[in-house]
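Here is my note on the structure. Please keep the sequence and the 3D view open as you read.

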Amino acid sequence: MAFTLPDLPYDKSALAPYLSAETLEYHHDKHHNAYVTNLNGLLQGADAEKSSQEDLESIILGADGGLFNNSAQVWNHSFYWKCMKPGGGGVPSGDLAQAIDKAFGSFEGLTKELTQAAMTQFGSGWAWLVLEGRDLKVIKTGNADLPLKHGRVALLTIDVWEHAYYVDYRNLRAKYVETFLGNLVDWDFAAANYAAGR
Ligand code: MN
C-alpha cells in the first residue's frame, strides 16, 4: 500500500460556474495527484507501506523540508475539497453558529476576518477557521503549512494558491474568495469538524 489520491466528493463539473471542471481537473488530477506521488516517492522502508489518515498526520508532525511540504499538501487538499459542495454558501447553523457569534460578533464578522486572511496571505497559502483550545480563530498559513503543525484543529480552509483560482478568476483572488464564501462553502462540514474537535 501507499497513499492514494482520494476521489473528489462531487463530479468535476458540479461546482460550475463558480469553479470550472477545468480548474478541478488541474487542481485535483494534476496538483493534488503530484503531491501524493511525491510523498510516496519520498517514503522509504516501513513508511512506504503507510496509507491511512493517521499515518499521514504522524508523518506531517515529524517532517520538515520536502517531506513536510508534500505530506501537508496531501492533507490540505483532501480537506479543502470537503470544504465545498454544489449548492454551497449560506450560513452555519447550530452550535457552530453560536460559537461564531461569540468569537467574531456575527457571521459577517467571521466572513470579514476570513476574507482579510485570504487576501493578506502574501503569495501561496491557505486561510483557515480553526479551533485553538476551545476558541474559534481565523489564521493564515504560507505554502503547505497547516493548523495541525501548530496544535490547532482545522474546521474550514480556503486554498489561496494561484492554481486554485487562476483558470476561472485570473489574478482576482478577491472575487474567488467572495465566490467561495457566497456559493461554494460547506458549513455542514465545518460544523461536523467543530462537533468532533471541541
Ligand atoms: Mn491547491
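1. Salt bridges. The model is predicted, and a search of the whole structure turns up 7 salt bridges. One of them pairs lysine 85 with aspartate 186. Their closest N and O atoms are 3.4 Å apart, and the cut-off for a salt bridge is 4 Å. Side chains of opposite charge can pair when their charged atoms come close.

2. What this pair links. Where do lysine 85 and aspartate 186 lie? Lysine 85 is in the loop between H3 and helix H4 (94–104). Aspartate 186 is in the loop between H7 and helix H8 (187–197).

3. Two domains. The protein chain is divided into domain 1 (21–82) and domain 2 (94–197). Their contact takes 20 residues from domain 1 and 24 residues from domain 2. The C-alpha centres of the two domains lie 20 Å apart.

4. The interface between them. The size of an interface is often given as the accessible area lost when the parts come together. Domain 1 and domain 2 bury about 1800 Å² between them. Carbon and sulfur atoms account for 68% of that area. On the domain 1 side, Thr23, Phe79 and Tyr80 lose the most area to domain 2. Together these three make up 34% of what that side buries. How many salt bridges cross the interface of domain 1 and domain 2? The rule finds 0.

5. Helices H2 and H3. Look next at helix H2 (residues 53–62) and helix H3 (residues 65–82). They pack at an angle of about 145 degrees, and their axes are 9 Å apart. The crossing is left-handed. H2 brings Gln53, Leu56, Glu57, Ile59 and Ile60 to the contact. H3 meets them with Leu67, Phe68, Ser71, Ala72, Val74 and Trp75. By class, this contact has 8 nonpolar, 2 polar and 1 charged residues.

6. Helices H5 and H7. Helix H5 (residues 107–120) packs with helix H7 (residues 173–184) at an angle of about 145 degrees. Their axes are 10 Å apart. Is this crossing left-handed or right-handed? The crossing of H5 and H7 is right-handed. From H5 come Thr111, Leu114, Thr115, Ala118 and Met119. From H7 come Arg173, Ala174, Val177 and Leu181. The contact of H5 with H7 has 6 nonpolar, 2 polar and 1 charged residues.

7. Backbone points to check. Most residues other than glycine have a negative phi, and most peptide bonds are trans. Two places deserve a look. A cis peptide bond joins alanine 16 and proline 17, with omega about 5 degrees. Proline 17 lies in the segment before helix H1 (21–42). Asparagine 143 has a positive phi, near 55 degrees. Find asparagine 143 in the loop between strand S2 (135–142) and strand S3 (153–159).

How values were computed: Residues numbered from 1 in each chain as written. Predicted model: local features only at pLDDT ≥ 70, side-chain atom pairs only at ≥ 80, totals over all residues. Heavy atoms only, no water. Axes fitted to C-alpha atoms, helices over the stretch in contact; angles between N-to-C directions. Helix = DSSP H or I, 4+ residues; strand = E, 2+ residues; numbered from the N terminus. Left-handed = near helix turned anticlockwise from the far one by under 90°. Contact = heavy atoms within 4.5 Å. Nonpolar A, V, L, I, M, F, W, Y, C, P; charged D, E, K, R; others polar. Domains from an automatic or database assignment. Buried area = accessible area lost by both parts, 1.4 Å probe. Salt bridge = Lys/Arg side-chain N within 4 Å of Asp/Glu carboxyl O.
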